[in-house]
Amino acid sequence: MANKTISSIAKDLKISRARVYQIIDMLDDNEKPSKDSNDRYVIDDSVVNAIRKYYANSNTKAKQEKTSPIDDKVLDIMRRQLDEKDRQIEKLTQLLNQQQQLNLSTSRQNEKLLDTTTNNPLSQDDIPLKSDDTDVLKPTEGNYKGVDTKTPKKGLFGWLMLKIPLCHIIGKGV
């Protein structure tokens, strides 16, 4: 087979010419190519095989060195993240269970309250009182003169007073 050039070896191995020169410098003395009268390497098949073998070994070692520690670190990080996610999921599951139990308890209490209120209608004491601002004139800056004035209440007793004279209520008829 004909002698090969540095460029053709670089092209075959898909590396730069400078890398081929580096590999040649790292070869054992008995594997290194000889030089011709123009100070160029004479590369025969044995040298090409030595270059390929060295490149394959160095490339494999480099890949192992690069990938193994990185892969181990990445796997450790991913395992820790997964463990943390598992703990978070467990906490969320517990919180959801507690929330469901609370909702169920509240729902049961509401049902009990509804059952008691439908069987026993509300008494007057159970109905919340509404505030009627028309009952009492609240003092403001414009109308307060130091004397409280009240408007007459329009409740049940006031209605009775209009319909039935006071003397009939007391028992002294006129």
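In which helix does Val 74 lie? Val 74 lies in helix 3, residues 45-119, and the rest of the chain can be laid out around that starting point. The model is a predicted one, in which local features need pLDDT of at least 70 and side-chain atom pairs count only at pLDDT 80 or more, while totals for chains, interfaces and linings use all residues. Residues are numbered from 1 along each chain as its sequence is written, and side-chain values use heavy atoms, with hydrogens and water left out.

Here is the overall layout. The protein chain has five helices and two strands, where helices (H or I, at least four residues) and strands (E, at least two) are DSSP runs, numbered from the N terminus. Going along the sequence, the pattern reads α-α-β-β-α-α-α. Of the 174 residues, 10% count as buried; buried means under 20% relative accessible area, exposed means over 50%, and partly exposed is in between, with a 1.4 Å probe and protein chains only.

Helix 1 (6-13) has Ile 6, Ile 9, Ala 10 and Leu 13 as its buried residues. These cover an arc of only 100 degrees around the axis, which puts them on the same side of helix 1; the arc is that of the directions from the helix axis to the C-beta atoms. Lys 14 sits in the loop between helix 1 and helix 2 and, at 75% relative accessibility, counts as exposed. In helix 2 (residues 17-26), the buried residues are Val 20, Ile 23 and Ile 24. Looking down the axis of helix 2, these buried residues fall within an arc of 100 degrees, so they line one face of the helix.

The structure holds one aromatic pair, counted when rings of Phe, Tyr and Trp (its six-membered ring) have centres within 6.5 Å, with planes under 30 degrees apart called stacked, over 60 edge-to-face and the rest tilted. The ring centres of Tyr 21 and Tyr 41 are 6.2 Å apart and the planes are at 40 degrees, so this pair is tilted. The pair links distant parts of the chain, with Tyr 21 in helix 2 and Tyr 41 in strand 2 (residues 41-42), 20 residues apart. Tyr 21 counts as partly exposed at 34% relative accessibility, and Tyr 41 counts as partly exposed at 23%.

Lys 35 is partly exposed, with a relative accessible area of 44%, and Asp 39 forms a salt bridge with Lys 35, the closest N and O atoms being 3.6 Å apart. A salt bridge here is a side-chain nitrogen of Lys or Arg within 4 Å of a carboxyl oxygen of Asp or Glu. Asp 39 is found in the loop between strand 1 (34-35) and strand 2, has a positive phi near 65 degrees, and is exposed, with a relative accessible area of 54%.

In total, the count comes to five salt bridges. One of them joins the side chains of Lys 4 and Asp 12 (3.0 Å, N to O). Another joins Arg 52 to Asp 12, with the closest N and O atoms 3.6 Å apart. Arg 52 lies in helix 3 and Asp 12 in helix 1, so this pair ties together parts that are 40 residues apart in sequence. Through shared partners, salt bridges join Lys 4, Asp 12 and Arg 52 into one network. Lys 4 is partly exposed at 21% relative accessibility, Asp 12 is partly exposed at 41%, and Arg 52 is partly exposed at 37%.

The C-alpha atoms of Lys 4 and Ile 43, 39 residues apart along the chain, are separated by 5.6 Å. Ile 43 has its place in the loop between strand 2 and helix 3 and counts as buried at 1% relative accessibility.

Val 74, Leu 75 and Met 78 form a nonpolar patch on the surface, with about 240 Å² of accessible area together. Patches are made of residues with over 30% relative accessible area and no salt bridge, with like charges joined within 9 Å and nonpolar side chains (Val, Leu, Ile, Met, Phe, Trp, Tyr) within 5 Å. Accessible areas come from the Shrake-Rupley method with a 1.4 Å probe, and for residues only the protein chains shown count as cover.
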